[in-house]
Amino acid sequence: MPETGSEVLAEPTAIEPLKQKDAARIRAMFGRVARRYDLLNHLLSASLDRVWRRKLARALVLPPGSRVLDLCCGTGDQALALRRPGVEIVAADFCLPMLALAAPKFQAAGDPGRPRPSTLNADALQLPFPDRSFHAATVSFGLRNVADLDRALAELARVLHPGGELGVLEFTVPGWQPLRGLYLFYFQHLLPRVGSLLSKDPTAYTYLPSSVLDFPQRADFTARMAAAGFESATSTSLSGGILALYRGRKKMR
């Protein structure tokens with residue numbers, strides 16, 4: 001994700017500016033929490049985030065010679081889960097502090113038979129790749145942070161080969177009670193307090209639940225995928241419905 005991740009910006013005094021998807025503020029926010037990002041992901045999900053990323057990686061058919069884009073890659077955990085023999089992975093994000101943490105993970109990755117991912121500072125709304133550059137793409141917990149969801153989906157479709165698969169992980173609200181009530185209580189009350197305490201950023205973990213609740217879920221999101229040029233778009237609920245795995249293929253024409 002351009003170097004504006006290190007900009008000095010005025011702190012937002014309320015959550016509203018972030019709800020409006022101000023890209024510079026969101027980039028700066030992720031830059032501030034980058035060093036605690038992995039700890040909080042694992043802690044707040046009880047390490048299920050690792051399981052979810054592996055499930056997305058296993059869902060994709062990636063024969064040797066495939067080129068894969070992991071967009072909104074954060075600190076690189078999804079890109080690492082995607083590694084397999086003969087597959088090239090490009091991990092892209094618009095937040096340089098996140099990429100700075102991903103790069104040493106990639107360098108430390110063993111098994112020379114599985115190429116290390118490369119990192120790239122890139123904006124989801126204007127990807128710096130030619131048309132049909134990738135055989136597959138993934139986005140884990142990142143599309144709800146973009147300023148224009150439909151444009152980001154259109155960019156993903158543009159850079160995929162016809163028939164190329166897109167896989168997306170994103171939080172959803174469970175439909176079944178009492179899990180729904182417990183989830184919303186945790187998500188709206190406990191998570192912001194714990195996240196704020198450990199990250200030392202009162203904005204980031206208030207923004208998280210609001211961004212999830214504002215994001216199109218299940219059938220609404222697959223409809224947006226279809227409108228962007230993906231066919232056979234599906235939604236699979238995971239972990240009792242607290243998140244969904246979305247999949248779709250770029251239309252052949």
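These legends describe close-up views of a predicted model. As a predicted model, it has rules: local features need pLDDT of at least 70, side-chain atom pairs count only at pLDDT 80 or more, and totals for chains, interfaces and linings use all residues. Residues are numbered from 1 along each chain as its sequence is written, and side-chain values use heavy atoms, with hydrogens and water left out.

**View 1. Helix H2 bends at Ala-34.** H2 covers residues 23-44. Helices here are DSSP runs of H or I with at least four residues, strands are runs of E with at least two, and both are numbered from the N terminus. H2 has 22 residues, yet its end C-alpha atoms are only 25 Å apart. A straight helix would reach 32 Å at 1.5 Å a residue. That expected span is 1.5 Å times one less than the number of residues. The bend at Ala-34 is about 70°. A bend is the angle between axes fitted to the seven residues ending at a residue and the seven starting there.

**View 2. Asp-22 caps the N-terminal end of H2.** A side-chain oxygen of Asp-22 lies 3.2 Å from the backbone nitrogen of Ala-24. Ala-46 follows H2 and has a positive phi, near 55°.

**View 3. H2 gives the largest share of the lining of the largest pocket.** The pocket has a volume of about 470 Å³. Of its 27 lining residues, the closest to the centre are Asn-41, Leu-44, Phe-171, Leu-191 and Leu-208. Two or more lining residues come from each of H2, helix H3 (48-59), helix H7 (179-199) and helix H8 (204-214). H2 gives eight. On a 1 Å grid over the protein atoms alone, a pocket is an open set of points where a 1.4 Å probe fits, with protein on both sides within 12 Å along at least five of seven lines; lining residues have an atom within 4 Å of a point. Grid points are joined across faces, edges and corners, and the volume is the space filled by probe spheres set on the points.

**View 4. Glu-155 is buried in helix H6.** H6 spans residues 149-159. Glu-155 counts as buried because its relative accessibility is 13%. Buried means under 20% relative accessible area, exposed over 50%, and partly exposed in between (1.4 Å probe, protein chains only). A polar atom of the Glu-155 side chain lies 2.7 Å from the backbone nitrogen of Leu-127. Leaving out residues up to four places away in sequence, Glu-155 touches Ala-124, Leu-125, Gln-126 and Leu-127. Contact means heavy atoms within 4.5 Å.

**View 5. Ala-154 also lies in H6.** Ala-154 is partly exposed, at 37% relative accessibility. Its C-alpha atom is 5.0 Å from that of Ala-228, 74 residues apart along the chain.

**View 6. The peptide bond from Gln-177 to Pro-178 is cis.** Its omega is near 10°. Pro-178 sits in the loop between strand S5 (160-171) and H7. Most peptide bonds are trans, and most residues other than glycine have a negative phi.

**View 7. Phe-141 and Ser-239 have positive phi values.** Phi is near 60° at Phe-141 and near 50° at Ser-239. Phe-141 is in the loop between strand S4 (134-140) and H6. It is buried, at 9% relative accessibility. Ser-239 is in the loop between strand S6 (230-238) and strand S7 (243-250). Ser-239 counts as partly exposed, at 36%.

Technical notes: Polar contact = N/O pair within 3.5 Å; in protein donor to acceptor, adjacent residues only side chain to side chain.
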